[in-house]
Amino acid sequence: MPNISDELFKDFRDDHIVLGRGFGKISECLRAGDLEGAKEAAGAVDRDAGAHIAFEERAFYPKLAAFLGEEDIARLYDEHKTGLAVIMALISMRPEERPDRQTILSLIAGSETMEQHIAECGELFHALERLSEDERVELLQHLRHWRAIEPSWHGLQGSDEGVFQRDLEQ
Ligand SMILES: [Fe+2]
């Protein structure tokens with residue numbers, strides 16, 4: 001049977017690669033003035049990142065609270081909000097819409113914040129080494145659960161932990 005920690009590390013790392021590439025693509029397209037490309041990349045991130053974001057916000061970050069300060073944890077959640085705001089702005093943009101330069105610059109800044117966040121988040125994963133095997137099994141269960149549901153990132157808004165817990169117990 002594959003080692004739990006190895007599986008968890010691998011899944012987590014794979015998610016980060018996908019997410020990092022997604023925001024990298026968004027930043028790149030925005031810098032090049034390719035709005036269509038940026039919107040397409042944002043749609044892909046919205047679809048692909050939901051499970052990972054749910055896992056982090058509802059299972060992984062609460063565990064990190066044992067090792068990190070409250071401010072650091074709050075910053076991680078805030079950065080996700082920044083990332084989601086970029087995604088929402090792009091996917092809700094009408095085809096003929098031409099945002100002004102200031103809007104584009106702030107979208108680029110938000111996307112770069114997420115790129116930075118993703119790079120850092122991968123490092124935070126080493127905190128996992130300090131968790132017990134039982135806690136890692138629990139985390140892997142959470143990650144798998146969300147991957148099976150495949151929520152969109154924006155679709156996570158308003159879905160609560162209670163529903164998630166019930167789902168997990170079934
Ligand atoms: Fe994160």
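Which residues have the most contacts inside the largest nonpolar core? In this predicted model, where local features need pLDDT of at least 70 and side-chain atom pairs count only at pLDDT 80 or more, totals for chains, interfaces and linings use all residues. Numbering runs from 1 along each chain as its sequence is written.

The answer is Ile-26, Ala-38, Ala-42, Val-45, Phe-55 and Ile-87, in a core of 30 residues. A nonpolar core here is a set of buried Ala, Val, Leu, Ile, Met, Phe, Trp, Tyr and Cys residues joined through C-beta atoms within 7 Å; buried takes 20 or more other C-beta atoms within 10 Å of a residue's own, exposed 12 or fewer, and partly exposed lies in between, with C-beta atoms placed from the backbone. At least two core residues come from each of H1 (4-31), H2 (35-64), H3 (70-91), H4 (101-124) and H5 (133-149), helices being DSSP runs (H or I, at least four residues) numbered from the N terminus. H2 gives the most, 11 residues.

H2 and H3 pack at about 160°, axes 10 Å apart, with axes fitted to C-alpha atoms over the stretch in contact and angles running from 0 to 180 degrees between N-to-C directions. That makes the pair roughly antiparallel (over 145 degrees). Among the residues that meet are Ala-38, Ala-42 and Val-45 in H2 and Ile-87 in H3, contact meaning C-beta atoms, placed from the backbone, within 7 Å. Ile-87 also touches Trp-153 and His-154.

Out in the loop between H5 and H6 (161-169) sits Glu-150, a non-glycine with a positive phi of about 50°. Glu-150 counts as exposed because it has 11 C-beta neighbours inside 10 Å.

Terms used: Two residues are in contact if their C-beta atoms, placed from the backbone, lie within 7 Å. Angles under 35 degrees count as roughly parallel, over 145 as roughly antiparallel, 65 to 115 as roughly perpendicular and the rest as oblique. Lists of a residue's contacts leave out its neighbours within four places in sequence.
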